[in-house]
Amino acid sequence: SFFNDETKKTYWERECLCIVRERTGLQRATDELLMSKRGLTLENERSRAENEYRQLINLPDEHKTIKDKEREEQLIIMIAKLVEAKNNLTLELDQMRLRELQEDECLHHAFQLQGIEQPTTNFHTFDTLNDII
């Protein structure tokens with residue numbers, strides 16, 4: 001046959017690396033979408049809580065019930081927790097990007113060892129994710 005065992009082995013090693021690259025890209029896209037969804041959910045919850053809080057603080061004190069005052073306090077705590085969750089999501093995004101850079105280095109090295117041309121696609125986080133988070 002035209003292909004000897006070494007040629008077949010090299011071919012399949014290269015194919016495996018390409019599959020790993022594609023799988024990595026798909027996993028990153030999935031992670032990015034999930035983080036975007038979480039970011040949007042947190043932002044929507046914060047916005048709703050802030051709107052409700054604004055409505056309550058705009059009530060004259062003489063019209064506020066004990067429940068209204070308790071709800072104001074609950075909303076302040078809720079908003080603080082949502083802001084903290086959003087900050088944690090931002091930190092998680094930063095960690096994800098660092099991990100991706102490390103993965104890219106390893107994959108780049110593996111491609112170099114196999115003599116495979118580097119992909120032109122970039123699997124880093126979407127620019128729109130920064131706007132959401």
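Student: Let's begin with Trp 12: why does it count as exposed?

Tutor: Exposed means over 50% relative accessible area, buried means under 20%, and partly exposed is in between (1.4 Å probe, protein chains only). Trp 12 has 55% relative accessibility, so it counts as exposed.

Student: And what makes Tyr 11 partly exposed?

Tutor: Its relative accessible area is 44%, so Tyr 11 is partly exposed.

Student: What kind of model are we looking at?

Tutor: A predicted one: local features need pLDDT of at least 70, side-chain atom pairs count only at pLDDT 80 or more, and totals for chains, interfaces and linings use all residues. Residues are numbered from 1 along each chain as its sequence is written, and side-chain values use heavy atoms, with hydrogens and water left out.

Student: Where is confidence lowest, and where is it highest?

Tutor: We use pLDDT here, the predictor's confidence in each residue, from 0 to 100. Helix α3 (residues 127–132) is lowest at a mean of 48, while helix α2 (residues 66–114) is highest at 92. Helices are DSSP runs (H or I, at least four residues), numbered from the N terminus. The protein averages a pLDDT of 85.

Student: Back to the rings: why are Tyr 11 and Trp 12 called edge-to-face?

Tutor: Rings of Phe, Tyr and Trp (its six-membered ring) pair if their centres lie within 6.5 Å; planes under 30 degrees apart count as stacked, over 60 as edge-to-face and the rest as tilted. The structure holds one aromatic pair. The ring centres of Tyr 11 and Trp 12 are 4.9 Å apart and their planes are at 80°, so this pair is edge-to-face.

Student: What makes Met 96 buried?

Tutor: Its relative accessible area is 4%, so Met 96 is buried. Met 96 lies in helix α2, and it belongs to the largest nonpolar core, along with Met 35, Leu 42, Leu 82, Leu 89 and Leu 93. Such a core is a set of buried Ala, Val, Leu, Ile, Met, Phe, Trp, Tyr and Cys residues joined through side-chain atoms within 4.5 Å.

Student: Which helix gives the most to this core?

Tutor: That's α2, with four residues.

Student: What makes Lys 86 and Glu 43 a salt bridge?

Tutor: A salt bridge is a side-chain nitrogen of Lys or Arg within 4 Å of a carboxyl oxygen of Asp or Glu. Lys 86 and Glu 43 meet at 2.7 Å, N to O. The pair links distant parts of the chain, with Lys 86 in helix α2 and Glu 43 in helix α1, 43 residues apart.

Student: Is Lys 86 buried or exposed?

Tutor: Buried, because its relative accessible area is 14%.

Student: Which residue forms a salt bridge with Glu 103?

Tutor: Arg 28 does, with the closest N and O atoms 3.0 Å apart. Arg 28 has a relative accessible area of 3%, so it is buried, while Glu 103 is at 34% and therefore counts as partly exposed.

Note on methods:
Helices (H or I, at least four residues) and strands (E, at least two) are DSSP runs, numbered from the N terminus.
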